Amino acid sequence: MSYKDLERIVLYEVRQRGEEGCDVSEAKSALAKIKEKDVSQLMNIMESLSNLNPEPDFPYNEPSILDEIRKERPQGPRGMPVRMPDDEILDKIYGGWLGRCAGCLLGKPAEGLRREHIERWLKIAGAYPLDDYFPLLREIPEDAGRWLESRVSRTDLLRGNIDHMVRDDDIDYTILNLHVLETYGFKFTTEDIGRAWLSNLPFLQVYTAERVAYKNLVNGLSPPETATHMNPYREWIGARIRADTWGYVTPGMPEYGAELAFRDARLSHVKNGIYGEMFVSAMISAAFVMNNIDEIISIGLSEIPEDSRLSEAVRDVIAWRKKYSDWKETWAKINDKYGDYHPVHVINNTALVILGLLYGEGDFEKSITISVMGGWDTDCNGATVGSIVGVMLGAKRLPEKWTAPLNDRVESLISEYNNSRISDLARRTFIHAKKTVANT
């Protein structure tokens, strides 16, 4: 590893450890004193950071072991009866797949942009506020910058040119986790997840925490060390984007859905990185039987530690929604409190998911567009919101404006599943959901 690459990891680790409540002042001082590009000094700093513990006044309790997580969660229903025919369950699963694809595709052209850039793009096109896929631009103003020119060059992602769901890692993981169930069944382990990654995912098509975990697997490490060794991205968004399949196959069983999500997340993440996946999976499980967004969010919260930073962020957005009628005012509060997190961190981006869900009020279009207009990891957030609302509404109630351009087709780098019909993926998912419903 080059000095520059290691330095970047150490800098992110300093940031990560500080966010975890540790005193990183000595590490920062040691970094400032390095005069030559000495890798050994960086490794010494990295080791010192790994030995830190949160300060006594750190107000959060954030375990990474399932039994300990469950001890810290609030009361919840854990399981709810699913009283609906098979075709309705299948329709909801299909709605989740379609909603995830549409929300992901909506956010994909704007991935990584800040809210002000997205607003600028849409206003240039006369398409603000967003009510459809991102628009093409015939002319780009000189003062818009190169960032906009690069975004609109992918015309297959833009309104009028979409004819299927293009390949995206947010969808690859949903497909891969279906493959895990088809290969290993519900007793899959975290090690099985690792084997599925190594067999199906090209190394350069995984990112941040997943890339580090992948490298750790290749180097012979086992979970949970794959999530912690040289991995400063362990509380970023990566695990959260892998949640959906577990929710799809556990209708009305948020505790079980969260458990499956935990087994997956533990390969690459800790603490809030794990909670993000558990939270989303539990919300999707609840969305099969609940039609109230507030209740769905509450059930999701009941599966993660109450005194965690992620739970606090979700509760903050709930409180701000009650105070402000305009989503942009709540967005400003989110940005003020959580905007210092990295743009692909799980906490700030999950706050935007809750923003979309609460201000969308069960309307599919409002939910995905608000979450995407908030910026940061737009394709991930649009996909998660679309998935939850898609399950709640079911495929038949989703607007054709959003689903028809997909043409029921999805690309994937999971070769066996490339160019699948989305409806076929839903049917294959239903087979596993039916097993869990039959056992309740």
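Me: Which residues touch the most other members of the largest nonpolar core?

Reply: Start with the general idea. In soluble globular proteins, nonpolar side chains tend to be buried together. Now the case here, in a predicted model. The largest nonpolar core has 123 residues. Trp 97, Phe 134, Met 165, Met 278, Ile 297, Leu 357 and Leu 406 touch the most other members.

Me: Which helix gives the most to this core?

Reply: Helix 18, residues 346–360, with 10 residues. Another core lies apart from the largest one. That other core has 18 residues, among them Tyr 3, Leu 6, Ala 209 and Tyr 233.

Me: Now confidence. Where is it lowest, and where is it highest?

Reply: The general idea first. Where pLDDT is low, the predicted coordinates should not be read in detail. In this chain the mean pLDDT is 97, and 100% of the residues reach 70 or more. Helix 7, residues 146–152, has the lowest confidence, at a mean of 86. Helix 14, residues 271–287, has the highest, at 99.

Me: Pick a residue in helix 14. Is Ser 285 buried or exposed?

Reply: Ser 285 is found in helix 14. Its relative accessibility is 0%, so Ser 285 counts as buried. Set aside residues up to four places away in sequence, and Ser 285 touches Gly 247, Thr 250, Pro 251, Gly 252, Met 253, Pro 254 and Gly 257.

Me: How do I read a helix? What span does helix 20 reach from its first C-alpha to its last?

Reply: An α-helix has 3.6 residues a turn, so residues three or four places apart point the same way. Helix 20, residues 378–393, has 16 residues and reaches 22 Å. That is close to the 22 Å expected at 1.5 Å a residue.

Me: How many of the residues of helix 20 are buried?

Reply: 16 of its 16, and helix 20 is mostly covered. Look just after helix 20 as well. There Gly 394 takes a positive phi of about 85 degrees.

Me: Next, aromatic rings. How many aromatic pairs does a search of the whole structure find?

Reply: The search finds 13. Take Tyr 12 and Trp 236, an edge-to-face pair. Their centres are 5.3 Å apart, with 90 degrees between the planes.

Me: Which charged residue sits over the ring of Tyr 128?

Reply: Lys 123, with its charged end 5.2 Å from the ring centre. Arg 242 lies over the face of Tyr 173, at 5.9 Å from the ring centre.

Me: One last residue. What is Trp 320 in contact with, leaving aside its neighbours within four places in sequence?

Reply: Trp 320 is in helix 16, residues 309–323. It is buried, with a relative accessible area of 13%. Trp 320 contacts Thr 330, Lys 333, Ile 334, Lys 337, Tyr 338 and Tyr 359. Trp 320 and Lys 333 are 13 residues apart along the chain, and their C-alpha atoms are separated by 7.8 Å.

Notes: Residues are numbered from 1 along each chain as its sequence is written. This is a predicted model: local features need pLDDT of at least 70, side-chain atom pairs count only at pLDDT 80 or more; totals for chains, interfaces and linings use all residues. Side-chain values use heavy atoms; hydrogens and water are left out. pLDDT is the predictor's confidence in each residue, from 0 to 100. Helices (H or I, at least four residues) and strands (E, at least two) are DSSP runs, numbered from the N terminus. A nonpolar core is a set of buried Ala, Val, Leu, Ile, Met, Phe, Trp, Tyr and Cys residues joined through side-chain atoms within 4.5 Å. Buried means under 20% relative accessible area, exposed over 50%, partly exposed in between (1.4 Å probe, protein chains only). The expected span of a helix is 1.5 Å times one less than its number of residues. Rings of Phe, Tyr and Trp (its six-membered ring) pair if their centres lie within 6.5 Å; planes under 30 degrees apart count as stacked, over 60 as edge-to-face and the rest as tilted. A charge sits over a ring if NZ of Lys or CZ of Arg is within 6 Å of the ring centre and within 35 degrees of the ring normal. Contact means heavy atoms within 4.5 Å.
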